[in-house]
Amino acid sequence: MQKLLEVLKTNFNRYSMVIALVIMLILFQFLTGGILLRPLNITNLILQNSYILILAIGMVLVIIAGHIDLSVGSIAAFVGAIAGILIVNMHMPTYLTVLICLLIGAIIGAWQGFWVAYVNIPAFIVTLAGMLLFRGLTMLVLKGQTIAPFPNDFRSISTGFIPDFFDGSTFNITSILLGILFSIIFVILSVKARKNKIKYNFKVASAGVFYSQQLIAVLLIMGFCYLFATYEGIPYILIILLALIVFYTFITNRTIIGRHIYATGGNLKAAMLSGVKTKAVTFWVFVNMGILSALSGLVFASRLNAATPKAGNLFELDAIAASFIGGASAYGGVGTVPGAIVGGLVMGVLNNGMSILGLGIDWQQAIKGVVLLLAVAFDVFNKRRAS
Amino acid sequence: MSDYILEMKGITKEFPGVRALDHVNFKVKDGEIHGLVGENGAGKSTLMKVLSGVYPYGSYKGEILFKGEVCKFKDIKQSESLGIVIIHQEFALIPQLSIAENIFLGNEKTKRHIIDWNETILKTKDLLEIVGLDEDPQTIVGTLGVGKQQLVEIAKALSKEVKLLILDEPTAALNEEDSKNLLELIKNLKKQGITSIIITHKLKEILAVADSITILRDGKTIETLDLKKDKVTEERIIRGMVGRDISQLYPSRNVKIGDTIFEVKNWNVYHPTISDKKIVNQVNLHIKKGEVVGIAGLIGAGRTEFAMSIFGKSYGKNISGEIIINGKKVELHNVQKAINSGLAYLTEDRKTYGLNLIENIKNNITSANLNKVAINGVINNNKEIVYVNDYIEKFNIKASSLLQKIENLSGGNQQKVLLSKWIFTDPVILILDEPTRGIDVGAKYEIYSIINQLAAQGKGILLISSELPELIGMCDRIYVMSKGKITGEVPATEATQESIMKLMTKGEE
């Protein structure tokens, strides 16, 4: 019994934000009379928040490395504008535009990374300058106008669904099949990891616990896929998002590069004296942020079906908030990609739930501010109690 | 009134799962210098935190009497108002502010709520004279050396009309000369009626200045020795601290010394910002296989700077000279190259330059050589855990698990983690810069044993230390540095503290 309580307590500490998210989901599900978890709304929730979640992934890496990036919203707007000019005005094919835009994002990231890493100017200042610079450039290249509409293939980045190859008319069979595929991959990887641990004689969860964990995970995956199947299917953007989450979680958890990012943010001087190329780490983290900002800008332009000078306004703050709600430390060295995603979803569900309830933007802003503060305070309190 | 200025009776302080203090009795006579000794974790710092109100009244059991009156401190402010002042091991000075601003921080001299700078400077001058610090009150504290900063701390304590001064490891970061001056100052303060408690690991020092010594072990008072009455030796105190005899302070080593594996020739280093200031001047040295070689010197002699400059040019500019490892000349342009060539440098400042305090033990130990547990940049977590568990067991690192954060470990255990981190890089040469600074006798002995094991494995050790007995006890050969130059080389068998001291001050005009 004592042990069970202990396990529950550590798990509560670790997954406190996930629990908060679930409680919020249940609360809004109840308040909105069941609208929140309708297939249509779940799909919307993902489409609406995808560009923030993409930014949050990049942002949490920047924050772990001990920096901040205030310019991501402006970069997203600038890249969206470039996309508009290339596709709508110059009739360039979509795939080429996307490539060029991501490259521009990388170059912008390199520009900012250079000043932060090699000239040693605080990221706050460099990216504050970038925020103004790229917002200005956006207005300049758009000449204050909005460019629209985009062709269908570009729009489908954020509004398209994986088509049903089995023609399930009202029920999307491909979604279910994809769900089964994801479940199988998930279970195989888990079993493999467990076997490896056994090989090294480490303690593992008992077979019963392990397989019930797998069952819960599979049920969750299939549940969501079922929800999507009853609407239009799985959105493309969800696949992109999942791929990004898996990729960046792997990078941060399992690779040398990831370790070096944590080391750089945790204790810069110690990292330098351990042979970590801290300048290069900082530089590449910003390049990565630039690429993800560009992707976010493309997704947003695609969703809005327009390139506007106002695009991406305050995105940086949502992305930063998501990272901190997700447990990142303002001092660097601490944070996780899944945490940032959960943080982003907390903000997203709040937005979505309050909108359905018909709350005005004034109240929404105020409530979001309080939630951010409380979430981080809760985290600080939890950690203090744990240590 | 009794002749005790302070009486702590039956103090018990518990943390979740541990009893840090167990009915501790601690009495200090008015006007004496009282040493408080014990291993790390014995409860010295906790006891002082109880005394100063960091742990407020009610969070512990027992009674505190100051000048015969019962005290129930809620915070530090209350204990300070009675004249109880603690100077911590890590200074509470703000490096960007001036000496005067620091001394009167939180206690500003004001006239109608506006700071009276003339009064502040004047008072500061008086205080600096008492502590014997010849500096302008407006000097920025960050530009002072550690020794002088310590004096500023004491001046700050004096400004609060201190009756009972508590110094936590006051000489840990000081060289021999600064330490001597500091202890002299404490003796002078005693003449002016200020009682002092000194917490220290340096037993020789405390024997030289203290009137009595209290020994703590595992949260209990073991005994209080009156130095005027009893004849007390270092061995006597150590026996009280560890509860057993440590037959020797330095474990013996029986290693066959081999060929030269490391050589530095004509090494010169200039200051990173003052381009014409030579920090290391024509240094030549060599280390043989299985040999422990020491570098002695005063602070500012350039020992750390020399070590860091050979470790991938981590310090200095316009570096010139040759490094030869295993007979091959190597160019070490960065730390990565230095590590790959078989060099490891254990810093003297583990918290700032050594460890990532917010990270766990595992990730710290593997951080300097991740390639050893990775394939194509992907880390094998399981393999990593096997290595780390091995170090934890072998070096007796006390931690709840390998995922415990470094900041929650004691100094000795942190140092063992740092040492593991560098052993994990499979070095040919280990440069150990003050490897036993600020850690207790037991942990010191363990570190010395590890050094001996490494030598037995055929590694070369370069030991930089400010404690001369440590160098003489541990090394096969000792180089002495002064003002950036090697002023002598002595075999340990012929070395005495006096002869090394002489070489250390050579070249100081």
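The legends below describe close-up views of a predicted model. Local features need pLDDT of at least 70 and side-chain atom pairs count only at pLDDT 80 or more, while totals for chains, interfaces and linings use all residues. Residues are numbered from 1 along each chain as its sequence is written, with chains lettered from A and ligands numbered from 1 in the order in which they are written.

**View 1. Domains of chain B.** Chain B is divided into domain 1 (4–242) and domain 2 (255–342 + 430–435 + 462–509); the bounds come from an automatic or database domain assignment. Between the C-alpha centres of domain 1 and domain 2 of chain B the distance is 35 Å.

**View 2. The side of chain B that touches chain A.** In chain B, 26 residues are in contact with 22 residues of chain A (contact: C-beta atoms, placed from the backbone, within 7 Å). At least two residues of this side come from each of helix 10 (335–340), helix 11 (350–354), strand 20 (378–379) and helix 13 (381–394) of chain B. Helices (H or I, at least four residues) and strands (E, at least two) are DSSP runs, numbered from the N terminus. By class, this side of chain B has 14 nonpolar, 11 polar and one charged residues (nonpolar: Ala, Val, Leu, Ile, Met, Phe, Trp, Tyr, Cys and Pro; charged: Asp, Glu, Lys and Arg; polar: the others, Gly among them).

**View 3. An open sheet in chain B.** Four strands of chain B form this sheet in the order 14-13-16-17, with antiparallel pairing (strands pair if DSSP finds at least two bridges between them). Strand 14 and strand 17 (328–330) of chain B are the edge strands, each pairing on one side only. Strand 13 (residues 260–270) and strand 16 (residues 317–325) of chain B are joined by six bridges. Lys265(B) has Glu322(B) as its bridge partner in strand 16 of chain B. Helix 9 (residues 303–310) of chain B packs on the sheet and touches strand 13, strand 14 and strand 16 of chain B.

**View 4. Surroundings of Val280(B).** Val280(B) is found in strand 14 (residues 278–288) of chain B. Val280(B) counts as buried because it has 28 C-beta neighbours inside 10 Å (buried: 20 or more other C-beta atoms within 10 Å of the residue's own, placed from the backbone). Not counting residues up to four places away in sequence, Val280(B) touches several residues, among them Trp267(B), Phe306(B) and Gly484(B). Ile319(B) is 39 residues apart from Val280(B) along the chain, and their C-alpha atoms are separated by 9.1 Å.

Methods:
Contact = placed C-beta atoms within 7 Å. Buried ≥ 20, exposed ≤ 12 C-beta atoms within 10 Å, placed from the backbone. Axes fitted to C-alpha atoms, helices over the stretch in contact; angles between N-to-C directions.
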